[in-house]
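Here is a short briefing on how side chains pack in one protein chain. Look at the structure first, then read the points below.

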Amino acid sequence: MAKAAGVGMGTVSRVINDSGYVGEETRERVLKAIESLSFKPSFIASGMRSNRLRSIGVIVSDITNPMFAAIVQKAQQLLLDNDYQLFLGVTNDDPGLEAQLFQTLAHQGASGIMATLNDDASPRTAELIETMEVPVVLLNRALVHGNATVVASDQRPGCQQAVDHLVEMGHRRIGLLITDRTTLPGRERRKSIEAAMAGHGLALASERVATVRHDVASGYDAMAKLMALDAPPTAIVVGSNRALIGALDYLRKRRLRYPEDVSIIGFDETDVTRLLSPAISIVNRDFEALTTEAVDLLLHRINHPASKAESVLLPTWLEKRESVKRLADEAGA
């Protein structure tokens, strides 16, 4: 680059970083050399000047989950557009590995970290996040025992619409397959569905609630538990996109059909739900908008280190399809 422009490396650096005096003629030569060589500043070199690499760590628990895959893909595009590299860390639900990834990224000079935590209700995790020396933004997680910048989905509107739809279609025995209270979506979905049912004078009976993990096997087992009840639910809300696959697999193997034998509402559009027939009603959200907001907030915090933690909620909504059957009033009692 310096050779092409006929100048020293220091002059090239001053032009690239717009620092220090460079004569107009010399500046033009350097800019033409940059254009002719399709030059882009080195991530490493620019990072050395600030003691931080132009890199962002993105930590997720399971890259095979369609939600996390969509987040990583969108984040990489946005970060490259802003001349940042993405370093991916996958925890496989291991809290020890999660803590190690946070510390490693910080020690290696990452400019910031975006994370979906394994357990945002853990006091140890809260302490780790609050003592990080680099900016952190949590995506669809919120510390129970601490404070952090958060971008998450507002579960209330989507859950309210889901319950309203089921009640309108005559359902009263409503079941729920839901993740535990160690992450924000599980807590908020359970609370929102309970509140929406209470608004209709209904209670979410404990025997009609089964805890799932974000995996297929737990969805299968949980659906088996609810369908074995003496009075099984006429409709089931499945609060995990992976567990939904297991729940539907149970119905298939028992030669049961939705919505004829049980109505179903799931969460989050995936390639699987797009292909299902009958089409599954989904409480959906905009993953690209969530990721964009999280990246924007993280870049803002990098550029404004004194900025305070804040929380941003983006909406959820129900997409009504073919998986909910209308019942006679007495059938749903």
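Two residues are in contact when heavy atoms lie within 4.5 Å. By that rule, Leu79 touches Ile56, Tyr84, Leu86, Val295 and Leu299, leaving out residues up to four places away in sequence. Keep in mind that this is a predicted model.

**Nonpolar cores**
- The largest nonpolar core has 26 residues.
- Ile56, Val58, Leu79, Met114, Leu139, Val151 and Val295 touch the most other members of this core.
- Several elements each supply at least two of its residues: strands E1 (55–60), E4 (136–139) and E11 (311–315), plus helices H5 (66–81) and H13 (287–303).
- Helix H13 gives the largest share of this core, with 8 residues.
- A second core is separate and has 22 residues, including Val167, Ile178, Leu202 and Val209.

**The aromatic pair**
- The structure holds 1 aromatic pair.
- The ring centres of Tyr220 and Tyr250 are 5.5 Å apart, and their planes meet at 80 degrees, so the pair is edge-to-face.
- Tyr220 lies in helix H10 (residues 216–227), and Tyr250 lies in helix H11 (residues 241–253).
- Tyr220 has a relative accessible area of 18%, so Tyr220 is buried.
- Tyr250 is at 9% relative accessibility and also counts as buried.

**A charge over a ring**
- Which ring does the charged end of Arg54 sit over? The ring belongs to Tyr84, and the charged end is 4.2 Å from its centre.
- Tyr84 is also one of the residues that Leu79 touches.

Definitions and conventions
Residues are numbered from 1 along each chain as its sequence is written. This is a predicted model: local features need pLDDT of at least 70, side-chain atom pairs count only at pLDDT 80 or more; totals for chains, interfaces and linings use all residues. Side-chain values use heavy atoms; hydrogens and water are left out. A nonpolar core is a set of buried Ala, Val, Leu, Ile, Met, Phe, Trp, Tyr and Cys residues joined through side-chain atoms within 4.5 Å. Buried means under 20% relative accessible area, exposed over 50%, partly exposed in between (1.4 Å probe, protein chains only). Helices (H or I, at least four residues) and strands (E, at least two) are DSSP runs, numbered from the N terminus. Rings of Phe, Tyr and Trp (its six-membered ring) pair if their centres lie within 6.5 Å; planes under 30 degrees apart count as stacked, over 60 as edge-to-face and the rest as tilted. A charge sits over a ring if NZ of Lys or CZ of Arg is within 6 Å of the ring centre and within 35 degrees of the ring normal.
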